[in-house]
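Hi,

Here is the model I promised to pass on.

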Amino acid sequence: MLFCSRVSAAWMILGGVFSRHWAALLVLLLFINFSIGTAHSSDGAAQPIASVADGSAPVIVVGFVGGFVRNDDIRHSEVQLAQKLRASYPQRLRVAMFQNWHRRAAHQTILRWLDSGEDGHLTDEEKRDARIILFGHSWGGAAVISLARELQQERIPVLLTIQVDSIAKPGQDDRVVPANVAYAVNFYQTRGLLHGRRRITAADPAQTKILGDYFRDYNKPPAECSQYPWLTRHLFRGHAAIECDPLLWSQIEGLIDTYSSAEEKASDLPAGELSSGRTSGIHHQPEQVPFADGGELLPTID
């Protein structure tokens, strides 16, 4: 009863500020994330989970969870991926996970990690040396683009952005990828009450290569979704299914591995082109991106 009264109150407040469409969307997101993350409510979520990477100029990987999910909730594939990247590539990657509303903390973490001189000031060289990969699901996908825009204002390049069923909050734009991003990819689904951005575009196609908008259909949710509450799995089946799809996140891991292996800095990469042989089969569009099981996703083509 208490939860229902909170939802009703939220509906009344939101209905007077936003359109009915946005009010409905926000209340639905509130519901899905209450049902998934109620067991984790401490304030510890404000702290990033970060790896400690040795060696010079590791690639920075920052992920955002969706909704009101904690950044250390291991039930969610984004968090599992961050832990796997941290364990598998300790010398090459520096990894941190954040809640989507802690974008400022993520921004400050990136600036601190780029400051190789540890003097509190980024030189032009430190900015040019940046190799940053951003990924996120739902509201976290929109946070990826917002953070990339903030880094653009500071003339900091981003190597790769990855959006998974991206949903923008009111006032956000998760469709247009800023020109400081070298490569961008979007994954989405269309089942259920919540589904994400179907297509992304480059603010400057000469600077940003859109690797594709990849549609994933979930007639039957992955078995891994069984850990989610019954109501979430049935009302928001597609939005939850794409998050807990191990094949999709295996592909995302492969993208991060491939692009973080490139020897070039993001600021030196021509749009849509990587010279490293380890990137073969990825920099042509339209793409056919393979999964570990031999299947593949095809990008949306109009």
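To start with the overall fold: of the contacts in the chain with a separation of 6 or more, 73% are between residues 24 or more positions apart (contact means heavy atoms within 4.5 Å). Bear in mind that this is a predicted model, where local features need pLDDT of at least 70 and side-chain atom pairs count only at pLDDT 80 or more, while totals for chains, interfaces and linings use all residues. Residues are numbered from 1 along each chain as its sequence is written, and side-chain values use heavy atoms, with hydrogens and water left out.

The chain has nine helices and 11 strands; these are DSSP runs numbered from the N terminus, with helices being H or I of at least four residues and strands E of at least two. Of its 302 residues, 52% are buried (under 20% relative accessible area; exposed is over 50% and partly exposed is in between, with a 1.4 Å probe and protein chains only).

Now the aromatics. Searching the whole structure gives seven aromatic pairs (Phe, Tyr and Trp rings, the six-membered one for Trp, with centres within 6.5 Å; planes under 30 degrees apart are stacked, over 60 edge-to-face, the rest tilted). One of them is Phe68 with Trp101, a tilted pair at 6.0 Å centre to centre and 50 degrees between the planes. Phe68 is in the loop between strand E2 (59-65) and helix H3 (77-88), and Trp101 in the loop between strand E3 (93-99) and helix H4 (103-114), so the pair links parts 33 residues apart in sequence. Phe68 is partly exposed at 38%, and Trp101 is partly exposed at 41%.

Another is Tyr188 with Phe215, tilted because the planes are at 50 degrees, with ring centres 5.5 Å apart. Tyr188 belongs to strand E7 (residues 181-188) and Phe215 to strand E9 (residues 209-215), so this pair ties together parts 27 residues apart in sequence. Tyr188 is buried at 5% relative accessible area, whereas Phe215 is partly exposed at 31%.

Phe68 and Trp101 also form one aromatic cluster with Trp139. The charged end of Lys169 sits over the Trp139 ring, 4.7 Å from its centre (the rule: NZ of Lys or CZ of Arg within 6 Å of the ring centre and within 35 degrees of the ring normal).

Cheers
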